[in-house]
Amino acid sequence: YVRLALDTGCRAGEISNLLWANLDLDEGTGTVECNTQWRSKTKRNRFIAFTPETAARLKVWRQQRGDCRFVFRDEGERDRGHYRRIKDRFDATVKRSGIRRCTFHDLRRTVGTRLAAAGINQKVASVFLGHTDISTTARFYQVVEDDVIKKTVMKIRGNDKK
């Protein structure tokens, strides 16, 4: 669950409603797809991709899940019930680890920050995160780390060795 969130930047609700039928584990791609029972926050389908390591873990997980249509949620389990269960497990893990405060949504913010640090174009980052408005990406997700500022000043001064 966490690996997929860090690879894709998916919201918790998107991951909760992810269907095996919408994933290609060999290609490491998939679609967050709205349907008659569920719609994403933006009410739009979106393409996602994940690492080969995440795909390998999902293949093992799929064998354990059997015939369930959902990647993580159980058949018949309500969306909000699953979201609450995952949130509670995540919060308990964070508490045990000694991290002061971290929400599941912070994983999504981390992805946005990592996209910015990697120099990913803001429009690409916006699509990657499934934002309908690019200003959302700029305002909430593209936090610039101090070391990026330092590297930037070295580049503009013509000394980008360090």
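Biologist: Before we count anything, what makes two rings of Phe, Tyr and Trp a pair?

Modeller: Their centres must lie within 6.5 Å, taking the six-membered ring for Trp. Planes under 30 degrees apart count as stacked, over 60 as edge-to-face, and the rest as tilted. Keep in mind that this is a predicted model.

Biologist: How many aromatic pairs does that rule give?

Modeller: The count comes to four. One of them is tyrosine 1 with phenylalanine 72. Their centres are 4.8 Å apart, with 70° between the planes. That angle is over 60, so the pair is edge-to-face.

Biologist: Which parts of the chain does that pair tie together?

Modeller: Tyrosine 1 is in the segment before α1 (2-8). Phenylalanine 72 is in the loop between α3 (52-65) and α4 (79-97). The pair therefore links parts that are 71 residues apart in sequence.

Biologist: Tyrosine 1: buried or exposed? And phenylalanine 72?

Modeller: Tyrosine 1 counts as buried, at 19% relative accessibility. The cut-off is under 20%. Phenylalanine 72 is buried too, at 11%.

Biologist: Which residues form the aromatic cluster?

Modeller: Tyr1, Trp61, Phe72, Phe90 and Phe104 form one cluster.

Biologist: And what sits over the ring of phenylalanine 70?

Modeller: The charged end of arginine 73 does, 4.0 Å from the ring centre.

Biologist: Switching to threonine 54. Where is its place?

Modeller: Threonine 54 belongs to helix α3. Its relative accessible area is 3%, so threonine 54 is buried.

Biologist: What does threonine 54 touch, leaving out residues up to four places away in sequence?

Modeller: Arg3, Leu4 and Asp7. Separately, its side chain makes a polar contact with the side chain of threonine 51, at 3.0 Å.

Biologist: Now the sheet. What is the strand order?

Modeller: β1-β2-β3, in an open sheet with antiparallel pairing. β1 and β3 (46-49) are at the edges, each with a single partner strand. One side of each is therefore left without a neighbour in the sheet.

Biologist: How many bridges join β1 to β2?

Modeller: Two, with β2 covering residues 29-32. Aspartate 24 has threonine 29 in β2 as its bridge partner.

Biologist: What about confidence? What does the chain average?

Modeller: The mean pLDDT is 86, and 91% of the residues score at least 70. Among the elements, strand β1 (residues 23-24) has the highest mean, 97. Helix α7 (residues 134-141) has the lowest, 79.

How values were computed: Residues are numbered from 1 along each chain as its sequence is written. This is a predicted model: local features need pLDDT of at least 70, side-chain atom pairs count only at pLDDT 80 or more; totals for chains, interfaces and linings use all residues. Side-chain values use heavy atoms; hydrogens and water are left out. Helices (H or I, at least four residues) and strands (E, at least two) are DSSP runs, numbered from the N terminus. Buried means under 20% relative accessible area, exposed over 50%, partly exposed in between (1.4 Å probe, protein chains only). A charge sits over a ring if NZ of Lys or CZ of Arg is within 6 Å of the ring centre and within 35 degrees of the ring normal. pLDDT is the predictor's confidence in each residue, from 0 to 100. Two strands pair if DSSP finds at least two bridges between them. A polar contact is a pair of N or O atoms within 3.5 Å; within protein, one must be able to donate a hydrogen and the other to accept it, and residues adjacent in sequence count only if both atoms are side-chain atoms. Contact means heavy atoms within 4.5 Å.
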